[in-house]
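User: I have a model open and would like to go through it with you. Could you start with the terms you rely on?

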Amino acid sequence: MAKLLVKLQRYFRRKPVRFFTLLALYLAAGSLVFLHSGFAGEPTVTGSQHGPGAGEGPGLPYLGVMQLSRGFKAAATMPEGGRRHGPWFKSTSKEPAERGKAGDYGSTQSRVLRGRSGREKEEDRARYVGCYVDNTRRRTLRGVSFFDYKKMTVFRCQDNCAERGYLYAGLEFGAECYCGHKVQASNASESECNMECKGERSNTCGGVNRLSIYRLELAQESARRYGSAIFRGCFRRPDNVSIALPVSQLMLNMSVDKCVDFCTEKEYPLSALAGTACRCGFPTTLFTLHEREDEQLCAQKCAGEEFESCGTAEYLLVYQTQVQDNRCMDRRFLPTRAKQLVALASFPGAGNTWARHLIELATGFYTGSYYFDGSLYNKGFKGERDHWRSGRTICIKTHESGQKEIESFDSAILLIRNPYKALMAEFNRKYGGHIGFAAHAHWKGKEWPEFVANYAPWWATHTLDWLRYGKKVLVVHFEDLKRDLFVQLQRMVGLLGITACEDRLLCVEGQKDGNFKRSGLRKLEYDPYTPEMRKMISGYIKMVDTALKLRNLSGVPDDYYPR
């Protein structure tokens with residue numbers, strides 16, 4: 001070994017340039033290894049993930065210890081993230097300015113012998129309609145299907161079908177799930193649906209060639225589908241039908257597929273079946289799709305498919321094709337600096353990212369953020385990189401609830417969501433990302449109880465602070481926005497000082513989900529809230545309800561209270 005070292009020493013004395021070159025390469029390699037380990041340990045864009053909290057953008061300042069004068073207990077603290085203050089604005093909130101990583105972040109029967117009433121009482125999401133005959137050659141429910149011979153449950157089958165927009169879900173052989181828009185078979189005796197579900201033996205999942213069928217209430221919330229097309233409903237023919245739906249084709253052998261394919265080829269987002277005529281167009285003020293009729297008025301059988309309805313000359317059956325309506329897809333920064341700063345304020349998990357998506361489509365201008373979230377920037381929210389005081393964005397997303405932060409805005413849209421839903425949405429975001437899900441280990445572990453204890457008080461203080469310190473606050477309930485998007489979006493756009501183009505708002509309705517909706521396939525199959533949690537949250541709901549009514553506003557929606 002000593003001889004080798006002596007030879008190396010002599011070699012580098014004769015050729016010192018090579019020695020220094022080798023030394024430089026060694027140091028450079030060491031630096032790269034050091035930098036890589038630093039970046040791998042903590043992502044700098046999405047913010048720290050330590051601690052219990054999460055708002056909707058990385059580095060959301062945490063509410064910290066609740067003010068005892070507000071009647072709340074202390075909450076745990078979180079590490080500080082990338083909150084961005086300009087040199088003219090420093091945090092003066094009385095509450096510790098630390099929160100963690102941010103972002104917007106049952107079966108229906110016990111056994112067949114217990115009777116149909118037990119099924120109907122158990123769940124609001126579906127109604128049991130009976131036991132039906134099934135045939136492997138001609139299925140009773142002819143939509144999608146899936147099997148799980150180990151973990152099939154009634155809830156899982158219902159959720160799978162509802163997510164895909166079907167009206168009915170049926171279970172067979174204890175492990176098979178079938179979806180469909182129509183039940184195309186005769187009833188069977190209830191005693192013939194006698195097989196236990198593989199994933200929950202207390203419930204019945206059909207029998208041998210027998211389906212336990214449920215009508216899904218959740219399908220009303222999801223978009224009903226027919227293949228790749230979304231079912232929009234039955235509508236009366238508009239007065240100026242040739243203007244409202246300018247392209248048409250006579251189809252003697254009419255079917256839903258043929259009409260949808262025709263309008264898709266013509267690059268129209270709406271396909272309307274009118275008996276033997278197929279019409280295509282856009283949603284406009286002449287044909288808004290706001291006044292739906294009873295589907296029985298459109299229940300004329302298709303000439304080309306006996307089990308489908310194709311509407312009539314007076315009542316059109318409308319589907320939305322896969323063609324994107326580009327009338328509301330253009331977005332840009334404001335041409336001149338905004339004179340006022342408008343906040344889009346919400347508690348984390350209340351749908352802020354979705355509301356930003358709607359506002360950008362409705363106005364054509366980017367929204368900004370009090371934080372920075374690289375993942376949202378990469379998904380198209382280009383205002384995410386701008387400083388929140390830049391004046392180039394139409395409104396600013398924020399979860400802040402301190403007096404100084406609130407008073408820095410000239411007006412605000414305050415988005416409020418059912419706390420039970422908001423807490424679960426934010427917990428999913430914290431542990432699963434913007435459209436992901438927390439693992440069952442997180443729900444069953446200590447994380448969920450700690451999260452509720454820390455975040456439930458903040459849900460209340462956030463609303464109370466904005467009502468108290470906000471200069472001009474427009475309250476919008478998330479549930480109202482989902483139920484009546486056109487009207488609520490008009491209110492929001494009005495506060496922003498933009499003249500709403502009705503055709504553009506109608507376009508938004510067709511693109512409303514964007515890429516920010518969680519799939520329903522991994523919803524919890526149990527209620528994560530304990531009686532103690534519900535008692536605590538109910539107190540906060542009453543507090544917010546009272547505060548809203550004292551300001552002559554409508555209180556919280558009835559469904560905020562647990563049934």
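Analyst: Helices (H or I, at least four residues) and strands (E, at least two) are DSSP runs, numbered from the N terminus, and the expected span of a helix is 1.5 Å times one less than its number of residues. This is a predicted model, so local features need pLDDT of at least 70 and side-chain atom pairs count only at pLDDT 80 or more, while totals for chains, interfaces and linings use all residues. Residues are numbered from 1 along each chain as its sequence is written, and side-chain values use heavy atoms, with hydrogens and water left out.

User: Okay, what span should helix H7 have, and how far apart are its end C-alpha atoms?

Analyst: Helix H7 covers residues 352-363, and at 1.5 Å a residue its 12 residues should span 16 Å, which agrees with the 16 Å between its end C-alpha atoms.

User: Is H7 mostly covered or mostly open?

Analyst: H7 is mostly covered, since 12 of its 12 residues are buried, where buried means under 20% relative accessible area, exposed means over 50%, and partly exposed lies in between (1.4 Å probe, protein chains only). The buried residues include Trp354, Arg356, His357 and Glu360.

User: And what comes just after H7?

Analyst: Gly364 follows, and this glycine takes a positive phi of about 85 degrees.

User: Switching to cysteines: how many disulfides does the structure hold?

Analyst: The structure holds nine disulfides, a disulfide being a pair of cysteine sulfur atoms within 2.5 Å.

User: Which parts does the Cys131 and Cys193 pair tie together?

Analyst: Cys131 lies in strand S1 (residues 126-133) and Cys193 in the loop between strand S4 (176-180) and strand S5 (210-216), so the pair ties together parts that are 62 residues apart in sequence. The sulfur atoms of Cys131 and Cys193 are 2.0 Å apart, and with 90 degrees about the S-S bond the link is right-handed. Cys131 counts as buried at 0% relative accessibility, and Cys193 likewise counts as buried at 0%.

User: How about Cys302 and Cys310, right-handed or left-handed?

Analyst: The link of Cys302 and Cys310 is right-handed, with 100 degrees about the S-S bond, and the sulfur atoms are 1.7 Å apart. Cys302 is buried with a relative accessible area of 5%, and Cys310 counts as buried at 1%.

User: Then what is the handedness of the Cys328 and Cys507 disulfide?

Analyst: The torsion about the S-S bond of Cys328 and Cys507 is about -65 degrees, so that disulfide is left-handed, and the sulfur atoms of the pair are 2.1 Å apart. Cys328 lies in the loop between strand S11 (315-320) and strand S12 (342-346), whereas Cys507 lies in helix H15 (residues 502-510), so the pair ties together parts that are 179 residues apart in sequence. Both Cys328 and Cys507 are buried.

User: Last topic: what volume does the second largest pocket have?

Analyst: The second largest pocket has a volume of about 320 Å³. Of the 22 residues that line this pocket, the closest to its centre are Ala338, Lys339, Gln340, Val342 and Leu496. On a 1 Å grid over the protein atoms alone, a pocket is an open set of points where a 1.4 Å probe fits, with protein on both sides within 12 Å along at least five of seven lines, and lining residues have an atom within 4 Å of a point.

Conventions
Grid points are joined across faces, edges and corners, and a volume is the space filled by probe spheres set on the points.
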